[in-house]
Amino acid sequence: MSPIPPSSSAAPSASTAVSATSASTDQNMFLQLLVAQLKNQDPTQPMDSTTFVTQLAQFQQLESTNNMSTSISGIQTDTDQLVTDLNPTGSSPTS
């Protein structure tokens with residue numbers, strides 16, 4: 001079985017940074033919209049509790065997905081570093 005070649009560290013870092021920024025922006029926007037919706041609802045006809053719970057569940061799912069993405073990026077970085085440390089010359093050990 002041949003080792004997995006290390007990937008370029010510049011490209012994943014840049015895309016990860018963009019993804020993290022985008023995810024953070026999406027998360028903040030979602031919260032702002034939810035709070036605005038709660039502030040501006042009609043007091044005589046408040047939001048249905050099922051709708052509110054559904055929106056909170058969507059937010060929790062978004063946060064979990066962001067955390068999972070961060071964890072996977074860390075694992076990928078650690079794996080790339082391990083491959084680089086085990087094979088610093090870039091040549092295949094099975095020559």
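The exercises below work through a predicted model of one protein, each with a solution in steps. Residues are numbered from 1 along each chain as its sequence is written, and side-chain values use heavy atoms, with hydrogens and water left out. Local features need pLDDT of at least 70 and side-chain atom pairs count only at pLDDT 80 or more, while totals for chains, interfaces and linings use all residues.

**Exercise 1. Find what pLDDT the protein has on average, and where it stays under 50.**

Begin with the term: pLDDT is the predictor's confidence in each residue, from 0 to 100. The mean for the protein is 77, and 71% of its residues reach 70 or more. Next, turn to residues 5–14, where pLDDT stays under 50 and the model has six contacts (heavy atoms within 4.5 Å) beyond four places in sequence. Where pLDDT is low, the predicted coordinates should not be read in detail.

**Exercise 2. Identify the aromatic pair and decide whether it is stacked, edge-to-face or tilted.**

Rings of Phe, Tyr and Trp (its six-membered ring) pair if their centres lie within 6.5 Å; planes under 30 degrees apart count as stacked, over 60 as edge-to-face and the rest as tilted. The structure holds one such pair. It is stacked, because the rings of Phe30 and Phe59 have centres 5.7 Å apart and planes at 15 degrees. Since Phe30 lies in helix α1 (residues 10–39) and Phe59 in helix α2 (residues 49–86), the pair ties together parts that are 29 residues apart in sequence.

**Exercise 3. Classify Phe30, Phe59 and Leu56 as buried, partly exposed or exposed.**

Buried means under 20% relative accessible area, exposed over 50%, and partly exposed in between (1.4 Å probe, protein chains only). Phe30, at 23%, is therefore partly exposed, whereas Phe59, at 14%, is buried. Leu56 lies in helix α2 and, at 36%, is partly exposed.

How values were computed:
Helices (H or I, at least four residues) and strands (E, at least two) are DSSP runs, numbered from the N terminus.
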